[in-house]
Amino acid sequence: MSQTLIKNIGLLVTNNAEVDGTPLGLISNAGLLIEHGKVKWIGASESAPSAEKTIDASGKCVIPGFVDSHNHLIFAGDRSKEFAARMAGQKYEAGGIAYTVELTRKASDGDLLSNAQRLQHEALHSGSTTIEIKSGYGLTVKDEVRSLLIAKQLTPETTFLGAHVVPSEYKDKSDDYVDLVCGAMLTEVKPHAKWIDVFCDRGAFTTEQARKVLKAGITAGLKPRLHANQLEQGDGVALGVELDAASVDHVSHFNQSDIEKLAGSKTVATLLPGAEFSTRSAYPDARKLLDAGVTVALAADCNPGSSYTTNMPLIIALAVREMFMSPEQALWSATKGGAQALRRSDVGHLSVGANADFVILKESSYIHLAYRPGVNLVDEVWQHGAKI
Ligand SMILES: [Zn+2]
């Protein structure tokens, strides 16, 4: 039996509202006892049970590990030139994905795995102890299967995104491609995916096509989530709520009806400010969603085209500065919000029985995540009860 006590924690964020009546569930001068990868005990440091090993976290803030619920890590190459062109004035459209698809199809399994491992390593070392990974740069049966086989080696949160864009060989035959996604492709990938996803937006798939893809996935035993309303106001959010999707992602555009539908559902709105940052697009006002009672998550959306970052502290800083979230709301959305977007109750919070996934910050408060943008504030990352 190996127990570790993190003692004298300056400020502990539990995300357990029962602790103090606030969403972050804060405890000052706290103790956190971990055993067998789980949280065993939480409370005031002076009342903590003794343990074989102790870590002193005086003056530091401890937060739950980030739950980053939206990433595209299985790809080859980069699109730095496209980024530079966009910064020089070109507009972002969904079509740039085709370039990454071409490179991904040519890459070896080993190269795809090592690139994804490199990005996962970055994410973990910046505090993301749970990440979701999508396929979607293969877009053939063979390449989607191998993308998911690689993703499965890195996370249990694997998502089949065969309906990312229509590949060039199906140009002007998008319905035929949707049939492939819902047919042979789905049959082959389903043992390796937990989620089904679709990019429902201008230049990608229509609402009717998205509905067909998600329904086929649900019938095959996958759980739905989708990219919706990134590029324009559409019916993607309404579709997500209709199908009880765990999350609708981007939601850069929304109307009053979308807000009401989300607020009356279990579907989380996952905001991806890295995409607005990297495409120089208008940020959505998260306050409008939060004030209406919508559950909001934040994720990095790491991908080579529109948000090439794995860094959740940056995402928090952007959400606070640009989306009008408070530091409290942004931290909650990057941890417990992400867990709800993955329908997970074992991560995203620190309560007895939860996974011992947490980050020790170099500073005394989580506020510094937004207050000190671009500075590495991560002192230690613990995953499944072990320091990484
Ligand atoms: Zn995405």
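Trainee: Which residues of α3 meet α4?

Mentor: This is a predicted model, so keep that in mind throughout. On the α3 side you have Asp109, Leu112, Leu113, Ala116, Gln117 and Gln120, and they meet Arg146, Ile150, Gln153 and Leu154 in α4.

Trainee: How do those residues divide into nonpolar, polar and charged?

Mentor: The contact of α3 with α4 has five nonpolar, three polar and two charged residues.

Trainee: And at what angle do α3 and α4 pack?

Mentor: About 40 degrees, with the two axes 10 Å apart. That angle makes α3 oblique to α4. As for handedness, α3 passes α4 in a right-handed crossing.

Trainee: OK, next pair. How do α4 and α5 cross?

Mentor: Helix α4 covers residues 141-154 and helix α5 covers residues 174-189; their axes come within 9 Å and cross at roughly 30 degrees. Because of that angle, α4 counts as roughly parallel to α5, the cut-off being under 35 degrees.

Trainee: Is that crossing left-handed or right-handed?

Mentor: Right-handed, for α4 passing α5. From α4, the contact uses Val141, Glu144, Val145 and Leu148, and from α5 it uses Ala184, Met185, Glu188 and Val189. Six of the residues in this contact are nonpolar, none are polar and two are charged.

Trainee: What about α5 and α6, at what angle do they pack?

Mentor: About 5 degrees, with the axes of α5 and α6 (residues 207-219) 10 Å apart. The two helices are therefore roughly parallel to each other.

Trainee: Which residues meet there?

Mentor: Ser174, Val178, Val181, Cys182 and Leu186 in α5 meet Gln209, Lys212, Val213, Ala216 and Gly217 in α6. Sorted by class, this α5 and α6 contact has six nonpolar, three polar and one charged residues.

Trainee: Let's switch to strands. Which strands does β16 pair with?

Mentor: One is β5 (residues 61-64), which pairs with β16 in the antiparallel sense over three bridges. Another is β17 (residues 378-383), joined to β16 by four bridges and also running antiparallel.

Trainee: Which residue in β16 is the bridge partner of valine 62?

Mentor: Isoleucine 360. On the β17 side, isoleucine 360 has glutamate 380 as its bridge partner.

Trainee: And the faces of β16, are they covered or open?

Mentor: Both faces are covered. Phe358 and Ile360 are buried on one side of the strand, and Val359 and Leu361 are buried on the other.

Trainee: I also clicked on leucine 271. Where does that lie?

Mentor: In strand β14, which spans residues 268-271.

Trainee: Why is leucine 271 called buried?

Mentor: Because it has 30 other C-beta atoms within 10 Å, and the cut-off for buried is 20 or more.

Trainee: Which residues does leucine 271 touch?

Mentor: Leaving out residues up to four places away in sequence, leucine 271 touches Val251, Pro284, Ala286, Val296, Leu298, Ala319 and Met323.

Trainee: Where is phenylalanine 324 found?

Mentor: In the loop between α11 (312-322) and α12 (327-341). Phenylalanine 324 counts as partly exposed because it has 15 C-beta neighbours inside 10 Å.

Trainee: And what's the place of histidine 384?

Mentor: Histidine 384 sits in the loop between β17 and β18 (386-387). It has 14 C-beta neighbours inside 10 Å, so histidine 384 counts as partly exposed.

Technical notes. Residues are numbered from 1 along each chain as its sequence is written. This is a predicted model: local features need pLDDT of at least 70, side-chain atom pairs count only at pLDDT 80 or more; totals for chains, interfaces and linings use all residues. Axes are lines fitted to C-alpha atoms, for helices over the stretch in contact, and angles run from 0 to 180 degrees between N-to-C directions. Angles under 35 degrees count as roughly parallel, over 145 as roughly antiparallel, 65 to 115 as roughly perpendicular and the rest as oblique. A crossing is left-handed if the near helix is turned anticlockwise from the far one by less than a right angle, and right-handed if clockwise. Two residues are in contact if their C-beta atoms, placed from the backbone, lie within 7 Å. Ala, Val, Leu, Ile, Met, Phe, Trp, Tyr, Cys and Pro count as nonpolar, Asp, Glu, Lys and Arg as charged, and the others, Gly among them, as polar. A residue is buried if 20 or more other C-beta atoms lie within 10 Å of its own, exposed if 12 or fewer, and partly exposed in between; C-beta atoms are placed from the backbone. Two strands pair if DSSP finds at least two bridges between them.
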